[in-house]
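Let's take a friendly look at some side chains and how they sit next to one another. Please have the structure open as you read along.

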Amino acid sequence: MTARQIADLVDGELIGSAGVDLVSAAPVRKALPDQLSFWQRGHANDQLPETRAGCVIVDERTQAPGITLILVHDPRRAFAKALRAIFPCEAIEWSAATSADISSSASLGPGVSVGAHAVIGAGAAVGEGTLVGPNAFIGPSAVVGNNCRLHPGSKVYGNARLGDRVVLHAGAVIGSQGFGLVFADDHYELFPQMGGVRIGDDVEVGANACVDRGTLGNTVVGSGSKLDNLVHIGHNCQIGSHVVMAAQVGLSGGVVVEDYAVLGGQAGIGERAQIGARAQLGGQTGLLPGKRLDAGGSYWGTPARPLREQLGRQARVGRLPRIFAEIRRLRARIGNLEDH
């Protein structure tokens, strides 16, 4: 694509050579004359680094004579859009391999592609254009929407319903048994997990992530939410729309996460806790059972506290060695005065 074509695509203002041809992309410091890059102002540096890039997407205030620029409001977002145009998603077609086990009562829409050794159970429904990878599993009576992509080894239990354009990466499991137990005398017994899972449209579930089915009702993941690798969603959790969870986040049963919340890596959420809309949790934040975090706040630490409060606590803890040393000196001086 030319710089002009990319500028038009991202609704940016082109400064420099409109005809430069861009065939790939690279970081700004490593880019070559046939590559696109982007740069966003940092807190410590407002100057565009030296670059050989053929074109750089930058924010509207940036000036760099001699470099072809595309000025936009949000360089990162515009660069992502340009990348999708330069490198369109690879078309994958898994034909209905002879080794696939597809029930005669399953319903497959037009253009469904099924890889080797995949299993589609009795009464399952798979929507138009969906790709079912090798060794993937769709259980009896499960519903998978249109244009979904189930990568190799992903699993959809029969109690699950997936919306359109859902992506399950390798090893993801939707609808597995929740961790419901009852202690009886001297041992644990299973509390039957009879519910299901409901996944909205445009949800992406990372590799080896798990969404457990509900105990009686459904576990819900709202449209547009993105779960990273190794995320665990416990039974009966209610996840809103456009929620983002980084790797190794763990939610106990019955947790409510409202729309647009962001959970950093390894955050741990106790049962029946609630996280308000657009709240942001830093990495390894721990929220105790039954607690609630207000909408729009930023939180960190265990137990979770407002970010500024937690940073203040950390700073005070860091000063403790100096405070203890000062106390020892004062005690010594008092002891000397008492001796005299």
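This is a predicted model: local features need pLDDT of at least 70, side-chain atom pairs count only at pLDDT 80 or more; totals for chains, interfaces and linings use all residues.

## Aromatic pairs

The structure has two aromatic pairs. One of them joins Phe38 and Phe79, which are stacked, with 4.8 Å from centre to centre and 25° between the planes. Phe38 belongs to strand 3 (residues 35-38) and Phe79 to helix 2 (residues 75-86), so this pair ties together parts that lie 41 residues apart in sequence. Phe38 is partly exposed, at 22% relative accessible area, while Phe79 is buried, at 11%.

Now turn to Phe183 and Tyr188. Their ring centres are 5.0 Å apart and their planes meet at 70°, so this pair is edge-to-face. Tyr188 is exposed, because its relative accessible area of 59% is over the 50% cut-off.

## Cysteines

How many disulfides does the structure hold? The count comes to zero. As a reminder, a disulfide is a covalent bond between the sulfur atoms of two cysteines.

Take Cys237 as an example: its nearest cysteine sulfur, that of Cys210, is 13 Å away. A disulfide needs the two sulfur atoms within 2.5 Å, so Cys237 is in no disulfide. Is Cys237 buried or exposed? Cys237 is buried, with 0% relative accessibility. Cys55 is buried too, with a relative accessible area of 0%.

Methods: Residues are numbered from 1 along each chain as its sequence is written. Side-chain values use heavy atoms; hydrogens and water are left out. Buried means under 20% relative accessible area, exposed over 50%, partly exposed in between (1.4 Å probe, protein chains only). Rings of Phe, Tyr and Trp (its six-membered ring) pair if their centres lie within 6.5 Å; planes under 30 degrees apart count as stacked, over 60 as edge-to-face and the rest as tilted. Helices (H or I, at least four residues) and strands (E, at least two) are DSSP runs, numbered from the N terminus.
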